[in-house]
Amino acid sequence: MADFLSQYSIQRWLEMCPQGYLEDTVYGHEEGLAEPDDIMGDEDLRVASIALTVQLIAGERCALAASSGLVNAAPDDASKTFLATQTLDEARHVEIFTKRLVDLGVRKEDVNSTVDELANPNLVKFAEVLLEKVADGDFIAGVVGQNIVLEGMAFSVFELLEATSKDLNPKFAQTLSGTIADERRHVGFGENRIGSLIREHPERREDIERMQSEMTYHMLATFADVFSASGDSMDRGRQLAADHGELDGADMKWHGTDLATASTEDMEAVLANTVLGEFKTRLGRIGLEYRSPKVPA
Ligand SMILES: [Fe+2]
Ligand SMILES: [Fe+2]
């Protein structure tokens with residue numbers, strides 16, 4: 001337990017995160033970086049970037065509500081301490097993506113109405129399944145839903161977005177890489193903490209596997225919606241990047257798919273396969289079996 005205590009202490013968090021990879025950043029990126037002209041000068045791309053950023057905010061607001069709620073449900077001090085650090089991480093993620101929304105031209109007073117209007121309904125349902133467990137004070141289900149399912153999804157989505165924006169939008173890519181480093185810590189906690197609790201409470205497996213399957217269903221529906229709506233703006237972004245020579249020498253390979261040329265269907269497939277693969281591996285490590293969702297109608 002000593003290792004567990006120091007591994008998830010506030011001291012360790014301070015050293016790794018604010019005094020580590022976030023040192024000298026401003027809202028998660030180097031000072032002075034801005035959204036690229038390709039986005040700010042093209043109305044379709046700017047609107048598409050706003051819609052995408054809203055999904056990140058919706059996901060992070062759910063993580064903030066879940067991690068803060070789980071502080072009180074946690075049965076031990078080390079978990080409370082870790083979840084307190086996670087709460088601040090998630091509040092920071094909400095803040096940096098909200099800042100991006102404002103940088104993209106959304107007025108501060110319109111942030112909440114924009115999120116309400118553009119958040120994908122399937123992503124909202126995904127969040128509701130998790131937040132219901134948190135509201136019930138169900139620590140084991142809450143940690144599996146948050147630190148394995150929600151964050152396993154977020155981790156891969158952020159990696160994909162980072163790979164596509166590394167060369168084209170360093171500001172966004174840098175905010176994503178700091179977020180990915182945070183999510184890696186959160187997922188690690190979920191695996192380390194929850195395996196022993198599942199072994200102590202095998203009777204909880206059925207209910208938790210059902211929650212995972214339900215969340216997976218809403219996640220895949222979200223991916224389908226978001227990718228099918230993004231074809232035109234993706235083509236537009238690629239055209240502008242090619243016109244400006246920004247794709248020369250750009251490396252956009254992710255899990256074997258070249259994101260600079262892939263169709264939206266290929267991107268959706270590589271993302272879904274990667275996330276489901278992560279779920280299977282991580283759930284297996286904590287003694288749960290991945291359960292396929294019912295097939296969307
Ligand atoms: Fe997050
Ligand atoms: Fe997180």
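This is a predicted model: local features need pLDDT of at least 70, side-chain atom pairs count only at pLDDT 80 or more; totals for chains, interfaces and linings use all residues.
**Salt bridges and an iron site**

Me: Which residue does R107 meet in a salt bridge?
Reply: R107 meets D110, with N and O 2.9 Å apart. A salt bridge here is a side-chain nitrogen of Lys or Arg within 4 Å of a carboxyl oxygen of Asp or Glu.

Me: Okay! How many salt bridges does the structure hold?
Reply: There are 23. One of them joins R236 to D42, with the closest N and O atoms 2.7 Å apart.

Me: And is D42 buried or exposed?
Reply: D42 is buried, at 9% relative accessibility, whereas R236 is partly exposed at 34%. Buried means under 20% relative accessible area, exposed over 50%, and partly exposed in between (1.4 Å probe, protein chains only).

Me: New topic: which residues coordinate the iron ion (ligand 1)?
Reply: E60, E90, H93 and E183 do, at 2.0 to 2.7 Å. Donors are N, O and S atoms within 2.8 Å of the metal (3.2 Å for Na, K and Ca); water is not among the atoms, so sites may look incomplete.

Me: What about the iron ion (ligand 2)?
Reply: That ion is 3.2 Å from the iron ion (ligand 1), and E90 coordinates both.

Me: Are H93 and E183 buried or exposed?
Reply: Both H93 and E183 are buried.

Terms used
Residues are numbered from 1 along each chain as its sequence is written. Chains are lettered from A and ligands numbered from 1 in the order in which they are written. Side-chain values use heavy atoms; hydrogens and water are left out.
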